[in-house]
Amino acid sequence: MIRPILSLLTLSLAGAASGIAQKPATAGSLRDLSASLEEVANRVGPTVVQIRVTAYGPNEDAAGAASLLSAQRSTGSGVILSADGYIVTNAHVVEDADIVTVRMTDRREYKAKVVGTDKQTDIAVLKIDARSLPTVKLGRSADVNVGEW
């Protein structure tokens, strides 16, 4: 499940970094590009989620002495991989998390469980208890060329 995502990210980054000279854009091509990006955003938008993390750790004073626990909060984003609630995000987003909450674009919220992480690739998989969720459609790296959108 993680390998297709990494392949797509690698291909996207390789295409962006290639530095190949492009033809100047015309007004018509920019309108077409804008319409294409709008269509992608409308299709993929409902699969994007906000991830809120709370981690509890010692609260250190100015002298470095630990006292009561304090809540440290952070946020990130992810995408829904499966209709039954598997979500992919970055590992650093959920690192040391005590509570993970996923918020959908329609404002529904779910408690999430961290299923697994890979620090080397900075990928994490979460699971929420939900059904019939919209999912992002992943491509196959074998079916695209470097730099292809």
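Of the 149 residues in the protein, 24% are buried, meaning under 20% relative accessible area with a 1.4 Å probe and protein chains only. The model is predicted, so local features need pLDDT of at least 70 and side-chain atom pairs count only at pLDDT 80 or more, while totals for chains, interfaces and linings use all residues. Residues are numbered from 1 along each chain as its sequence is written, and side-chain values use heavy atoms, with hydrogens and water left out. The accessible surface comes to about 10300 Å², with carbon and sulfur atoms contributing 53% (Shrake-Rupley method, 1.4 Å probe).

The protein holds three helices and six strands, assigned as DSSP runs (H or I of at least four residues for helices, E of at least two for strands). Read from the N terminus, the order is α-α-β-β-β-α-β-β-β. Among contacts (heavy atoms within 4.5 Å) with a separation of 6 or more, 62% join residues 24 or more positions apart.

Beyond its neighbours within four places in sequence, V94 contacts I51, V53, T89, V100, V114, T117, A124 and L126.

Turning to the rings, the charged end of K127 sits over the ring of Y86, 5.2 Å from its centre; the criterion is NZ of Lys or CZ of Arg within 6 Å of the ring centre and within 35 degrees of the ring normal.

Definitions and conventions. Buried < 20%, exposed > 50% of the residue type's maximum accessible area, 1.4 Å probe, protein only.
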